[in-house]
Amino acid sequence: MKCPTCGKDKRSSDANRRYWSLVNLVSENVKPNKQQFSQPAWHEYFKSRFLGMKEINLPSGQNILIPTSSAELDIAAFSEFMSRVEAWAAEHGVWLDE
């Protein structure tokens, strides 16, 4: 499926469900310093770690850094992102059952 605004091939709903299933497992099983983090917190962590950050200029004149969006990734880039998240998760004892 093509993105109507950028024209890139977008990831499938199955790929998206797979990613969020893994994020859910990480949220349930990985507890840094014995603290549990939400799925959205892990999603932001993975984006910042594996996709990087971008600077946004606010109307106030302040500049902030935000994680690069995963929604803009094409199929190949999302597949690479997912592979990196899966490798990280496996290093922390979490993986998806196939």
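Me: What makes lysine 47 buried?
Reply: Its relative accessible area is 9%, and buried means under 20%, with exposed over 50% and partly exposed in between (1.4 Å probe, protein chains only). So lysine 47 counts as buried. Bear in mind that this is a predicted model, where local features need pLDDT of at least 70, side-chain atom pairs count only at pLDDT 80 or more, and totals for chains, interfaces and linings use all residues. Residues are numbered from 1 along each chain as its sequence is written, and side-chain values use heavy atoms, leaving out hydrogens and water.

Me: Where is lysine 47, and which residues is it in contact with?
Reply: Lysine 47 sits in helix α2; helices are DSSP runs of H or I, at least four residues, and strands are runs of E, at least two, numbered from the N terminus. Contact means heavy atoms within 4.5 Å. Leaving aside neighbours within four places in sequence, lysine 47 is in contact with Gly52, Pro67, Thr68, Ser69, Ser70 and Phe81.

Me: Why is serine 27 called buried?
Reply: Serine 27 has a relative accessible area of 6%, so the label buried applies to serine 27 as well. Serine 27 belongs to helix α1, and beyond four places in sequence its contacts are Gln36, Phe37, Ser38, Gln39 and Trp42.

Me: Which residues of α1 are buried, and why are they said to be on the same side?
Reply: They are Tyr19, Leu22, Val23, Val26 and Ser27. They cover an arc of only 140 degrees around the axis, which puts them on the same side of α1; the arc is that of the directions from the helix axis to the C-beta atoms. On the other side, Asp14 and Arg17 are exposed. The cover over the buried residues of α1 includes α2 (39–50) and α3 (75–91).

Me: What makes a nonpolar core, and which members touch the most others in the largest one?
Reply: A nonpolar core is a set of buried Ala, Val, Leu, Ile, Met, Phe, Trp, Tyr and Cys residues joined through side-chain atoms within 4.5 Å. The largest has 17 residues, of which Tyr19, Val26, Phe46, Phe81 and Trp88 touch the most other members. Helices α1, α2 and α3 each supply at least two residues of this core, and the largest share, 6 residues, comes from α3.
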